[in-house]
Amino acid sequence: MIRSRRIRPVARTGLRGPGARPLAGSPRVWFSEVIDDSGLFRPAERLDPEVLARLSARRADLCGLRLDRVRIMGILNVTPDSFSDGGDLPTPEAVVARARAMVAAGADILDIGGESTRPGATEVPVAEEIARTAPAIAAIRAAGVSVPLSIDTRKAAVAAAALDAGADIVNDVSGLAFDRAMAPLVAARGVPVVLMHHKGTPLTMQDDPRYDDVVTEVYDHLKQRLSFATAAGIAPQRVILDPGIGFGKTLQHNVSILRAMALYHDLGCPILLGASRKRFIGTIAGVDAARDRVAGSVAVALQGAAQGVQILRVHDVAETRQALSLHDVMSGADEIRVDR
Ligand code: HH2
């Protein structure tokens, strides 16, 4: 039996080798080996049956969405200053048009945010954040857009107003740490919540962040936030975990996490990856403007898919959907099936 505090499945796609198990219920991504805490490759069949079941089981549906295929969360920022799309949606009509376009392009979920958390950003007052987000959500719902909506906020009052306006999910980049009222709110409303890893605050997080081992420290932090959430009465099946690319992390930290993403499946929750258009993509590819980082963002999204990530948070829905549809076919092991 393998004894290890953290178990990292070795994620693979395509032809299945002996002893292959689905990774987190994926029909495409599988594993037959794991890496233990000392970095040794071990056969998965030597895992404790409970751990093996946790790594292999399909995650609970999210607002009616089955998580056995990669789901796209389209980013809809109603801010004047987001790093890549700030000021794009100045009117409710523009918000609704963008929401409809994203759904038509293949978004499964829309994430509405009213406060930029880019490096160096300062806090937006609660009333202002509510005025940006709640009417936008109400307008999207009034227009008949029926996909699940998430509210990207660290503040309970903003989340409550968004849920009242028709949102279904809370996406808290602070992992319920910013506002003490957030965990009780999420528990009382019984809604799913995204808990993201971060280090520091948006204002200071990129001032020389340091870790001994970023991959395992993010794991331990997420585990701790999951325990905090369940102790507050939030059902573990309603928790989604996110390693927080770019939140208190250097380029090297981001890349280390992306290579080791499959480790986070050991926590037993769906995993969300938000790397779209982020600065490290521009640095690696030598591209300055955030809007020009689409191809690099798609490459990172496919890396996430190959590691069994269930939700990709992206600005460029059509491009990501197109790439995923090809990736699905290329990484399948059975007869080619095209879903249209
Ligand atoms: N990244 C951003 C905002 N919210 N939420 C989750 N769960 N994961 C992320 O990686 C994440 C997030 C930052 O990106 P963006 O919304 O495009 O920019 P800004 O914060 O400037 O509005």
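What covers the buried residues of α7? The answer is drawn from a predicted model, in which local features need pLDDT of at least 70, side-chain atom pairs count only at pLDDT 80 or more, and totals for chains, interfaces and linings use all residues. Residues are numbered from 1 along each chain as its sequence is written, and side-chain values use heavy atoms, with hydrogens and water left out.

Helix α7 spans residues 251-259, and its buried residues are H253, N254, V255, I257 and L258. Buried denotes a relative accessible area under 20%, exposed one over 50%, and partly exposed a value in between (1.4 Å probe, protein chains only). The cover over these residues of α7 includes α6 (214-231), β12, α8 (279-285) and α9 (294-306). Helices (H or I, at least four residues) and strands (E, at least two) are DSSP runs, numbered from the N terminus.

Two strands are taken to pair if DSSP finds at least two bridges between them. Strands of a sheet pair through backbone hydrogen bonds, either parallel or antiparallel. Strand β6 (residues 71-77) runs parallel to strand β7 (residues 109-113), and five bridges join them; the bridge partner of N77 in β7 is G113. Strand β9 (residues 169-172) is likewise joined to β10 in parallel, by three bridges, with V170 standing opposite V193 of β10.

In a regular strand the side chains alternate between the two faces of the sheet.

The largest nonpolar core has 70 residues, of which L76, L110, V170, L176, V239, Y264 and L273 touch the most other members. Helix α4 (residues 156-165) contributes the largest share of this core, eight residues. A nonpolar core is a set of buried Ala, Val, Leu, Ile, Met, Phe, Trp, Tyr and Cys residues joined through side-chain atoms within 4.5 Å. A second, separate core of 13 residues includes L23, V29, L47 and L55. When neighbours within four places in sequence are left aside, Y264 is in contact (heavy atoms within 4.5 Å) with V214, V215, V218, Y219, L222, P243, I257 and I271.

Three cavities of 30 Å³ or more are present in the structure. On a 1 Å grid over the protein atoms alone, a cavity is a set of points where a 1.4 Å probe fits but cannot get out; a pocket is an open set with protein on both sides within 12 Å along at least five of seven lines; and lining residues have an atom within 4 Å of a point. Grid points are joined across faces, edges and corners, and a volume is the space filled by probe spheres set on the points. The largest cavity holds about 150 Å³ of space. Its lining has 17 residues, with S26, V29, R69, V70 and A305 nearest the centre. Helix α10 (residues 317-331) provides the largest share of that lining, three residues. By class, the lining of the largest cavity consists of eight nonpolar, five polar and four charged residues. Here Ala, Val, Leu, Ile, Met, Phe, Trp, Tyr, Cys and Pro count as nonpolar, Asp, Glu, Lys and Arg as charged, and the others, Gly among them, as polar.

The second largest cavity holds about 50 Å³ and is lined by L273, A275, S276, S297, V300, A301, L312, R313 and V314. Both α9 and β13 (311-314) supply at least two residues of this lining.

The second largest pocket has a volume of about 600 Å³. Its lining comprises 35 residues, and F83, R118, P119, F247 and K278 are the closest to the centre. Helix α8 gives the most to the lining of this pocket, with three residues. The lining of the second largest pocket has twelve nonpolar, 14 polar and nine charged residues.

C63, with a phi of about 45 degrees, is placed in the loop between α1 (49-56) and β6 and is partly exposed at 34% relative accessibility. D208, with a phi of about 55 degrees, lies in the loop between β10 and α6 and is partly exposed at 48%.
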